[in-house]
Amino acid sequence: MPRAKSSDFEKAFQELEEIVRRLEGEELPLDESLQLFERGIQLSRLCNQKLEEVEKKIELILADSKGQPVVKPFEGEEEEEDAATEEWR
Amino acid sequence: MPERVWKVGELIRQINLDFFRYNDISVEGEVSNFTRSTAGHCYFSIKDARAQMRVVLFDSQARFLRFRIENGLQLVVRGRLSIYEQKGEFQLNAVSAEPAGLGALQLAFEQLKKRLADEGLFDAARKKPIPMLPQRIAIVTSTTGAAIRDILHVLGRRFDGLSLQIYPVRVQGTAAAKEIATAIRHLSRWEMHDVVLICRGGGSLEDLWPFNEEIVARAISACPIPTISGVGHETDFTICDLVADLRAPTPSAAAEIVIRAKSEICRQVENDVRRMRHRIESRVVARRERINRRRVMLYRIVESRARTMRSRLTATRDPLARFPMRVARERQHLEAMASTLNAVSPLSVLSRGYAIAFSRTRNRRKPILDSGVVKVGEPIEVQLKKGRLECTVDAKTMGVESVWPDNYATREIE
């Protein structure tokens, strides 16, 4: 997945912040305020969606002989499974 | 006169043999005239206020120095004294060198730090901002070290929406720096992550040394992905900490930064929504109140207008309303007058059976009130209620004023 995803989030988040700032700081006509509000709610949904969209997982990543990424499951520590590693299983 | 004339080579060889007692000595002095050949051999002088001597440190030893020998550096050099036969020069063949006072690692650290600082690698302007919501997280660390255990412990169950990928490396020993640098370079090239954490648990300066190596520093500074360094304990500062975009005091703290970013954003978004709602609601309420106030005002205006209109209407209608009463009163008055008139009318007297006698003199009719005014034989007229009689006076009595006599009528008839 490209890294740009999180900047989508940042854009949405910043627009949301801007909307809140405008709603609180400017005397806008009610119509416009309502439109902004609607957009704000839309953005907050988008943000929440982005916040949850990445699948919770933990893996190993290494380079193969050609320098390409290889992802493997992470089994935790070889020696012992302590409470911390058990916890996020 | 000396007994013997030496050949140069012989003499120097002999001196070198005599120098055997200086086979393993340490000398402290300040470095000057430092040069390093293309083969890596180091040539320099060490001196104090009174004297100086040449030192050579071959690459076979020099390559193990963590720090760099520089002019002005106070150095303790260990080695063997000799005379270089070809040049006849007295020199110290060094096997090792240590900075005086400071430890070698400490000096190496200071030197690299200064050098990289001069290059601007630590400049605040170079620091990439840590993304607001780092979700794809690469961790360069050992899978068996304390760092990863601490990180996983901090994240615990709280890392919904986070993907962790551990790039396993050795974090200690001679191969470590190269592995760490390679890992960072691969991650840089793949650009699959939002942030790269470079972590290691606590240890001695020697243990943490890979994180003070130049190749690691260079790899981090070239990394296009924002980097967070969490190496050692809070009091440990490494070059890696300085080059990374953000220094976390410990690996746990690095994990906290990532986690906090997410939960703070969640809160912030919630907060934003609440603020927007509040603002809009208060605006709608204010607007509704304004409308209500206007409506009340409008009612008031309309009401007072209506009142004015009504009272004005009443005012104009009043005389009209009083008019029928006046008519009735006038009519009553008229009727009263009419009845009075009627009462005094001679006609009404006639209707009660009276008659009026008229004399006719000089063609004027005149009611006869006194028998004295007519003569016997004179024609008179008698007006009845209905019709008129033409009569002649047959006789008359002179009389007194009539009182209402019972016999009035009879007498009249008589």
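Which strands of chain B make up the closed barrel, and in what order do they run? Select chain B and you'll find five strands running E1-E2-E3-E5-E4, with mixed pairing. Strands here are DSSP runs of at least two residues (E), helices are runs of at least four (H or I), and both are numbered from the N terminus. Two strands pair if DSSP finds at least two bridges between them.

Before you go on, know that this is a predicted model: local features need pLDDT of at least 70 and side-chain atom pairs count only at pLDDT 80 or more, while totals for chains, interfaces and linings use all residues. Residues are numbered from 1 along each chain as its sequence is written, and chains are lettered from A and ligands numbered from 1 in the order in which they are written.

**Stop 1: the barrel**

Angles come from lines fitted to C-alpha atoms, for helices over the stretch in contact, and run from 0 to 180 degrees between N-to-C directions. Now pick E1(B), residues 25–36, and E2(B), residues 42–47: five bridges hold this pair in the antiparallel sense. Zoom in on Ser32(B) and you'll see Ser45(B) of E2(B) opposite.

**Stop 2: helix H3 of chain B**

Next, select residues 104–119 of chain B, which form H3(B). The expected span of a helix is 1.5 Å times one less than its number of residues. For these 16 residues that should be 22 Å, and the end C-alpha atoms are 22 Å apart, which agrees. Leu107(B), Ala108(B), Phe109(B) and Leu112(B) in this helix are buried, meaning that 20 or more other C-beta atoms, placed from the backbone, lie within 10 Å of a residue's own. Show E5(B) (89–99), H6(B) (214–222) and H7(B) (239–243) to see what the buried residues of H3(B) pack against. Just after the helix, Gly120(B) takes a positive phi of about 90°.

**Stop 3: chain A**

Switch to chain A, where there are three helices and two strands. Their order from the N terminus is α-α-β-β-α. Of its 89 residues, 21% count as buried.

**Stop 4: the sheet that both chains share**

Which strands line up in the open sheet? There are seven, in the order E2(A)-E1(A)-E7(B)-E6(B)-E8(B)-E9(B)-E10(B), with mixed pairing. E2(A) (69–73) and E10(B) (246–248) stand at the edges with a single partner strand each, so one side of each has no neighbour in the sheet. From one strand to the next, the twist averages 25°.

Where the chains join, look at E1(A), residues 57–63: four bridges connect this strand to E7(B), and the two run parallel. Leu60(A) has Ile166(B) as its bridge partner. Further along, E8(B) (195–200) and E9(B) (227–231) also pair in the parallel sense, over five bridges, and Ile198(B) stands opposite Ser229(B).

**Last stop: the contact between the chains**

Finally, colour the contact: 41 residues from chain B and 45 residues from chain A take part, with two residues in contact if their C-beta atoms, placed from the backbone, lie within 7 Å. On the chain B side, H8(B) gives the largest share, 12 residues.

Definitions and conventions:
A residue is buried if 20 or more other C-beta atoms lie within 10 Å of its own, exposed if 12 or fewer, and partly exposed in between; C-beta atoms are placed from the backbone.
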